Amino acid sequence: MVDTAPRAARTTYIGASTPKIDGVDKVTGVARYGADVRLPGMLDAKILRSPHAHARIVRIDTSRAEALPGVMAVVTGRDFPLLKPGTHVQIGVLRMDLYRISNLVIARQKVLFAGHPVAAVAATSPEIAQEALDLIQVEYEVLPHVLDEVESMKPGAPLLHDDLFTSGTPEKTTKPSNVALYIEMGRGDLAKGEAEADVVVERSFKTQTVHQGYIEPEAETAWWQPDGRLSVWADTQGPFGQRAQLSVFLGIPLGRITVVPMEVGGGFGAKNALRLSPLCAGLSRKSGRPVRIVLSRDEVLRATGPGVATTNYVKVGAKNDGKITLIDARMVYNAGAFPGSPLAGGTLVGFSAYQTPNLRIVGYDVVTNRPKVQAYRAPGGPPISFAVESVMDEVAEKIGMDPLDFRIKNASKTGDAGPNDLKFNRIGLTDVLQRVKSHPAWTDPVSAPRFGGKVGRGLGLGYWRGGTNTSSCELNLHGDGSVSLVTGSVDLSSVRTAFAQIVADQFGLTPADVTVTTGDTNSVGYTDNSGGSRVTYVTGTAVFNACQAAIGVLKGRAAQKFGVPADLIEFGEGVFSVRDIQEKRIALKDLAAESVRGSGVISTSGTATGMQSAPAFAAQVADVEVDLETGKVQILRYTAFQDVGKAINRAQVVGQIQGGVAQGAGWGLSEAYVWDEKGALRNASFLDYRMPTALDLPAIDVELIETPASDGPFGVRGVGEVPIVPPAGAIANAIYRAAGVRMDVLPMNPENVLMAIKRRDKPLARTRWLRGNGSAGETLVS
């Protein structure tokens with residue numbers, strides 16, 4: 001792996017709050033997003049979507065739409081290759097089921113959620129395309145639908161896919177099911193753990209579908225050119241992954257597809273999915289012209305990929321001295337219309353912070369007639385963390401132990417095993433908790449009420465494993481000593497600034513001397529998707545490697561010039577010199593000038609792959625006020641503590657954490673999809689889908705803990721996923737201390753909090769298991 005020796009040698013820009021290098025372009029409108037694409041002869045397209053949550057497509061007649069003046073092409077499922085079941089494509093560590101994805105992009109025999117695409121029209125204007133949609137006649141046979149993940153598991157529930165069989169079970173299943181995947185992991189003896197416990201707490205929790213809330217609706221353009229080459233201007237987090245999926249979906253060679261990533265106005269994991277570009281491509285192939293689709297906000301909320309809804313059961317036992325003896329959990333994750341909820345991620349996020357000798361986690365990936373879920377920041381983590389942190393807090397209370405001390409006593413440390421029995425490399429959870437213990441956010445009195453309600457303080461923990469995979473970049477040193485860098489990673493959070501800081505640090509330049517761009521799939525080496533908190537960690541390492549390669553070439557040229565071996569050449573502060581012979585020195589800029597005058601250009605590649613994971617932990621402390629008459633919760637003070645390994649750009653790291661907290665608070669307090677009796681979304685606008693605003697949140701304080709990761713040149717850890725995980729649990733625990741109620745549902749909006757207050761003296765509703773032995777065949781009932 002990368003030699004970490006240079007870590008302390010050059011720190012001029014590492015850790016500085018360098019202004020965003022893309023900031024001016026974004027605030028002045030120069031930056032180009034998907035909707036900004038304009039090509040000669042370009043057509044605009046619209047999508048016809050199903051009004052039904054579950055129905056069989058009997059007939060589609062597009063003739064009237066095709067006859068409308070200005071309409072240039074119409075596509076339905078018949079216009080795309082019919083992939084065989086089991087068709088997959090490997091993207092990084094993910095094995096993508098292209099058979100299912102192709103049916104998600106456009107329905108074939110059945111529609112499986114309200115909003116499922118059934119046809120698309122390209123026309124000379126968006127208005128004509130929209131008019132043409134009304135002329136398409138679709139005859140449906142409406143079928144019973146199911147929205148709830150628990151109901152979908154029951155015998156007799158409407159079956160979504162007649163070719164879906166539960167995987168992961170000890171024995172191969174032969175009967176179609178809405179349960180796509182069964183997971184079980186654990187260790188030890190549960191009965192022994194329960195017998196040793198002085199206190200056992202078991203609770204059930206329900207969370208709702210939420211949306212990532214990105215500001216930019218999806219917008220993509222495709223041009224199927226006369227020579228058979230396909231160019232796509234994509235609103236994507238992973239151009240290489242999109243290219244691979246398009247190749248299989250459309251049945252054309254990978255090398256004939258170019259994906260150009262545009263600026264992304266927020267993604268948070270949701271824009272990894274194949275969604276619009278196949279429809280654009282199909283319309284372009286038919287019309288012979290480039291085709292663009294821009295979604296409306298209504299479409300984004302109804303028909304893209306929201307965050308997961310869940311039903312969870314958690315049981316924890318502990319001794320009076322605070323030692324956890326037992327953790328037992330059931331997780332039912334609502335995948336939406338197609339398999340693939342973030343269940344596996346949830347099993348790790350929810351339980352990695354805690355050590356116990358006796359553990360069992362059982363999970364179910366369940367399909368329902370909702371939009372297919374996609375990743376959302378620490379995918380699968382926030383709902384189960386809400387459950388786990390709530391139960392841990394209650395256990396600590398029942399044994400009379402401070403909730404922070406309880407977590408310190410049971411915290412995972414370097415070398416401990418996670419829920420999957422893989423041992424943690426260097427981690428900083430105990431460093432984070434000790435910082436909390438001494439911080440005013442924990443030691444000060446709880447914030448005073450501001451609105452006449454009751455106040456309380458809560459604590460929650462978070463975890464993310466840290467993504468790895470592969471990243472690449474290309475580096476060029478120019479004749480004036482400046483550097484241009486092309487990376488394969490889509491920039492979701494101004495990470496180009498961090499890359500410029502790394503290059504400046506390595507070459508002794510300033511970030512202003514470095515130009516960083518994101519390349520298309522023909523201009524840079526294969527790079528996995530931007531997600532999983534991997535970009536600064538892995539792509540940053542690739543950038544470091546490219547710098548080291550270029551510096552190595554320059555050292556060789558300096559050695560040749562001075563007539564000494566290359567290992568005697570040292571480099572620092574922009575100057576190459578011979579060790580112990582100070583008069584033999586040459587500036588980087590001089591060697592750069594010579595590179596374009598015959599000595600040979602300096603152009604290097606950098607790649608990083610196979611790195612160790614860089615697990616990240618966080619703790620967050622919330623002070624809230626609860627109005628006991630209305631149930632309204634107001635956050636008064638919020639402090640986020642996070643192990644970031646090493647902050648390359650402190651301001652950006654702080655901003656990432658604050659953004660994650662804001663989204664986690666929205667998930668916890670106000671955000672939820674609301675469905676009508678026919679399975680259609682009722683609140684498909686930002687007016688009715690309640691995201692937090694600046695009026696709902698205080699200034700979010702951030703404390704950075706820097707426990708270096710085990711791998712990489714600077715000890716960096718990804719920071720983007722973890723901060724969304726703790727808020728719901730921290731806020732729920734604060735609500736308990738303010739109002740005396742343990743919340744078991746999200747969102748904790750005024751209605752749900754007030755209901756909890758009114759039933760304060762009644763036991764919490766629990767999930768019962770018909771056969772509660774953790775078997776693959778057991779069924780949930782409410």
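Tutor: Start with burial. Buried means under 20% relative accessible area, exposed means over 50%, and partly exposed lies in between (1.4 Å probe, protein chains only). Here, 62% of the 782 residues in the chain are buried. This is a predicted model: local features need pLDDT of at least 70, side-chain atom pairs count only at pLDDT 80 or more, and totals for chains, interfaces and linings use all residues. Residues are numbered from 1 along each chain as its sequence is written, and side-chain values use heavy atoms, with hydrogens and water left out.

Student: Is Ile252 buried or exposed?

Tutor: Ile252 counts as buried, because its relative accessibility is 12%. Ile252 sits in the loop between α7 (239-250) and β13 (257-261). Helices (H or I, at least four residues) and strands (E, at least two) are DSSP runs, numbered from the N terminus.

Student: What does Ile252 touch, leaving out residues up to four places away in sequence?

Tutor: Contact means heavy atoms within 4.5 Å. By that rule, Ile252 touches Trp224, Leu230, Ser247 and Ile257.

Student: Which residues touch the most other members of the largest nonpolar core?

Tutor: General idea first. In soluble globular proteins, nonpolar side chains tend to be buried together. A nonpolar core is a set of buried Ala, Val, Leu, Ile, Met, Phe, Trp, Tyr and Cys residues joined through side-chain atoms within 4.5 Å. The largest one has 102 residues, and Val624, Val626, Ile731, Ile735 and Met748 touch the most other members. Apart from it lies another core of 49 residues, including Tyr13 and Leu588.

Student: How many cavities of 30 Å³ or more does a search of the whole structure find?

Tutor: On a 1 Å grid over the protein atoms alone, a cavity is a set of points where a 1.4 Å probe fits but cannot get out; lining residues have an atom within 4 Å of a point. Grid points are joined across faces, edges and corners, and a volume is the space filled by probe spheres set on the points. The search finds seven cavities of that size. Of its 16 lining residues, Leu104, Pro117, Arg275, Ala303 and Thr304 are the closest to its centre. The elements β1 (43-49), α3 (98-105) and α9 (297-303) each give two or more residues to that lining.

Student: And the overall fold: how many helices and strands does the chain have?

Tutor: The chain has 20 helices and 30 strands. Its C-alpha trace spans about 85 × 75 × 55 Å along the principal axes.

Methods:
On a 1 Å grid over the protein atoms alone, a cavity is a set of points where a 1.4 Å probe fits but cannot get out, and a pocket is an open set with protein on both sides within 12 Å along at least five of seven lines; lining residues have an atom within 4 Å of a point.
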